[in-house]
Amino acid sequence: MLEIAPLAVAGIDLATGTAAVNGMVSGLPVCIAPAAPLTRWSLRARDAGALSAAIGRALPDRIGVVIDGIARLGPDEWYALLPEGTVLPGGAGLPVSVVEVTARAVGFTVEGAGAVAALARGCPLDLAGFAPGRATRTVFETVEVQIWATAPETYHVEVWRSFAPWLWHSLAAGLALTAGLD
Amino acid sequence: MSGYRLARGGRIDRNRPVAFRFDGRDYSGFAGDTLASALVAGGVTLLGRSFKYHRPRGLLGMGAEEPNALVTVDRGPARITPNLRATQVALHDGLVASSQNRWPSLKFDVVALNDVFGALFPAGFYNKTFMWPRAAWEALYEPVIRRLAGLGESPVARDPDHYDATYAHCEVLVIGGGIAGIEAALDAAQTGGRVILIDDQDDLGGGALSDAALWPLLTDLKARLAGCANVTVLGRTTAFGYYHQNFIGAVESLTDHLAPAEATGPRERLWRIRAGEVVLAQGAIERPLVFDGNDVPGVMLASAGRTLALRHGVAVGRAVVVMAAHDSGWRDALAMAEAGVTIAAIIDIRDVVPGDLAEAARAAGIAVHTGCAITHVSGRHAVKGVTFAAAGTGPERHIACDAVLMAGGWTPSVHLWSHGKGSLAWSEAWGAYLPGTAIENCRAVGACAGAWSLGSGVITAVLPNRKPVRAQKAFVDFQNDVKARDIHLAVQEGMRSIEHIKRYTTNGMATDQGKTSNLNGLQIASTVLGRPVADIGLTTFRPPYTPQTFGALMGHHKDALFQPVRKSVIDDWATAQGAVFENVSNWRRARYFPRGGETMEAAVLRECAAVRNAVGMFDASTLGKIEVVGPDAAEFLNRMYTNPWKGLQPGRCRYGLLLREDGFIMDDGVSARIADDRFHLTTTTGGAARVLGMMEDYLQTEWSDLDVWLTSTTEQWAVIALQGPMARAVIAPLVEGIDLDGAAFPHMAGREGTIAGVPTRLFRVSFTGELGFEINVPAHEGRKVWDAVHAAGQAHGITAYGTETMHVLRAEKGFIIVGQDTDGTMTPADMGLDWAVGKKKPDFVGKRSLARPDMDAPGRKQFVGLLTEDAGELLEEGAQVVADPDAPIPMPMIGHVTSAYRSAAAGRTIALAVIADGRARIGQTVFIPMPGRVIRAKVTAPMFYDPEGSRLNA
């Protein structure tokens, strides 16, 4: 008889890593690590100027670009990754939406010459031309993530809290799987 | 066929012998062999049994087109792969393979009796014969037919292998590593962009690997390729599908060519490639000729004979006859003769062949018979000889031989071109469809574009023969056992389109998708119908080009990584407490917390009693949450929800009911107004993404003028529901900045302050009918606050409860669960929720649909309670309800049970149901027929506890 595999609950034991993991993808070194604590804000407005004035910060004009920790994700959407302890004005009464989502997501750092290959295992974006200062919302397989290119060969990956264990292990599995193969 | 290894030649490494087993016998080949070439070298003729008639079959081709030589490769326990083409199985030391679809042995197969009685099994036989009795199809016919007409056996053990997957991007993707493909890749490399070259073989070169004259060129091209840093070559990789916008799926075989002991890492890798331009260089597949006996083992494609000789150093036989309709057969014969293979004769259906070929054949001492056709092949398990005749009908002559090579012309491989929706154009010269106009940024080069000189020939249907077609075993589709007579029969029975002929005969419907049979099938149909091929249509190729493993397609999604399991921040605590979990959408939630071997029933009764009598705590973190912010927030919610929202004061909560455009209930939840321009919405756990998507859809498409924005905050907040008469006492010492007094903080109010030192949005709401709070805190502080509340509650007998208890408590109060008590066809009135519909509101989503006459017509199902006459009887959720259990079957059903529980508070079982005109039936008895008995129940209002709501406002 066909052995029926235990259902996906096999994944219940996964926990997000707390220490850096080093390995190779496509023969290139990669390090995956939990990112330092940050505050997170979802920022929305029809008029970028109104939002900029409301929070007292400059905003990137182009979608997919980061200025001072704020990425423009869409025509009316920005996302801020700011140092711990930062508080943004709430914009009460203004035609803007400022919502703190610090606890909603966690961040990973993916770094090294193989970082693009590690991310490309599950992300359909062409990251080859994704220069530092770029950021976008995308997916890793079925899970929504944001990828921020923070420095050469260094990427910050944002993922919602409950998807983090799966994403961490998916990234780490890529290192283990392909280490020393290619 | 008695194949043998030639003394010299080929691209194999004769210094590296490789031992392997096939059907329990030991053989030896060389590095560079495929399983097929090594078996032919070992004198093996018989490689499989055909699908339907179980006829003995040998090799037909030497590549992806092979229909006959399907084998099972055994790489150890749980690593058994059926249905591999022996021509594509690379030989490695210790390889273990076996033939398929035969019993008890390949040589003696009892089901071959099908072949003896083959005349009784024409096309459509199964469809016609096994129609009756209907029930026997599933029970008897299908299992038996499947067993007899089978491919290899599916593996039953869990696959221990890992599979990798990746995306890749390039400016130019070249598919096919023959000379045309390599040249295209080199050209593309000049532009400086990223180039990927995919080839399915162990070695680049395609057809040139079987042409020694091209080897120097090949060596040079490969060296140039290796010098291009921007070219990635993926060998042993099959591009199996061409999808929209130049998206190509390919599978790279990583370890199957290695001995199991040497295989480390993933077995295969799925490549998902987005290319700026796709260059198809898939080459062409040689076409068999259709004649009586063309499937006797030893009859194969001329190109296969050539590949065996030139690439693998193997002679297909000691006396080889070539049956040609195309120049390439002559060239193959000449090349093989030069390599040391004895060519007994070349027979060509054409009266005239190019002079240079005829001259070369004569010079090589090969007998030539032009204007002739083979009319019979003798031998059953192997070719013993052929009979041929001038024009197929003249005096018959016989040649003893042990192999017959067919050269019926070439079919350009337009598989991926067709996946990509490129048009096809009929070419008379090729007797085949060639790429026409591309839809994608794609072009075809080399033989697959018809741009390669393979010589010329004539296109034949069935070779002429004195015997009528129905008396011939002239095969068209070798894998599905379709003969020329079957296509004749299909036409006789009225089929006119190739799509019908294909389905009636199953021609081209095997796993090889007719790589060697489609065009011959078309030609035969065209001849019988007397209409041009292009008028009969063409069948469509679909992915995959060749069968792929499920493992490769699954990629990373295996075992623990199969899919994300979402857990709340309280999950670790619940696990430590021994909670039993259930999955709710992607979340897993604690269902109940058994103590000391309690059953679910006992645990739930205890948890329910604790909430009603003292206090319980519940992890409600998975509830969907949306922050609605902006000056138009209230206006927006007023348009979305059925009830009015504009008048809700900051600091107050309201139950919201959300309909779809069709007026049926979609979701519900309690939401709080945090400020004039800020709301904290909640949705059901499973509905979170759906509700956000729907609201965003309305905002973007209908009301883009509104200044309001939606942010998912489901994961921002951990939510602890604290319910029961002692709830206030538990949190009182923990809360700062909020007056918890009942008057200052009434039911359906929301406040901001701190709890256990953590900022909180504290809502006084209840899904249990008890005094209750929902404590929202940032998720990363959730566990800390949970622990603090749990500790503070010890003095009050606090009890953690799970989703099952939550369900019972709300059912006692008649609170609905969307998706359990509703089924997508229930209106607010059906569910007794009219009170939540703003009668004076000018509009809200679904309002217009609610005005349709049938939405309040008599006979609609209404939400009611059910109390069984036997207080201990628990109804089954989903059970049908009837008014008269003695009514004749089919008995009219008036509704069904939606929820049923044992209630501690009611001291008996309770149930909720939707029943036609249910409210008018309150007090009446209805019946729930179950196997072997009928349960009687009384219809009640859907409210079993504290109907006045006095406890809520305590």
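Predicted model: local features only at pLDDT ≥ 70, side-chain atom pairs only at ≥ 80, totals over all residues.
I started in chain A and found A:Ile70 standing opposite A:Ala80 in β6(A).

Four bridges join β5(A) to β6 (residues 77-83) of chain A, and the two run antiparallel. They make a hairpin, with two residues between the strands.

Next I checked the other neighbour of β5(A). Strand β4 (residues 66-67) of chain A is joined to β5 (residues 70-74) of chain A by two bridges, again antiparallel. I looked for the partner of A:Val66 in β5(A) and got A:Ala71. β4(A) and β5(A) also form a hairpin with two residues between them. In that turn I noted A:Asp68, with a positive phi of about 50°.

Then I moved to the interface. I get 40 residues of chain B in contact with 42 residues of chain A. Which elements of chain B each supply at least two residues of the side that touches chain A? My list reads β9 (163-175), β14 (268-280), β34 (624-629), β38 (709-712) and α21 (779-793). β9(B) gives the most, with six residues. Sorting that side of chain B by class, I have 17 nonpolar, 11 polar and 12 charged residues.

Key. Residues numbered from 1 in each chain as written. Chains lettered and ligands numbered in written order. Contact = placed C-beta atoms within 7 Å. Nonpolar A, V, L, I, M, F, W, Y, C, P; charged D, E, K, R; others polar. Pairing = 2+ DSSP bridges.
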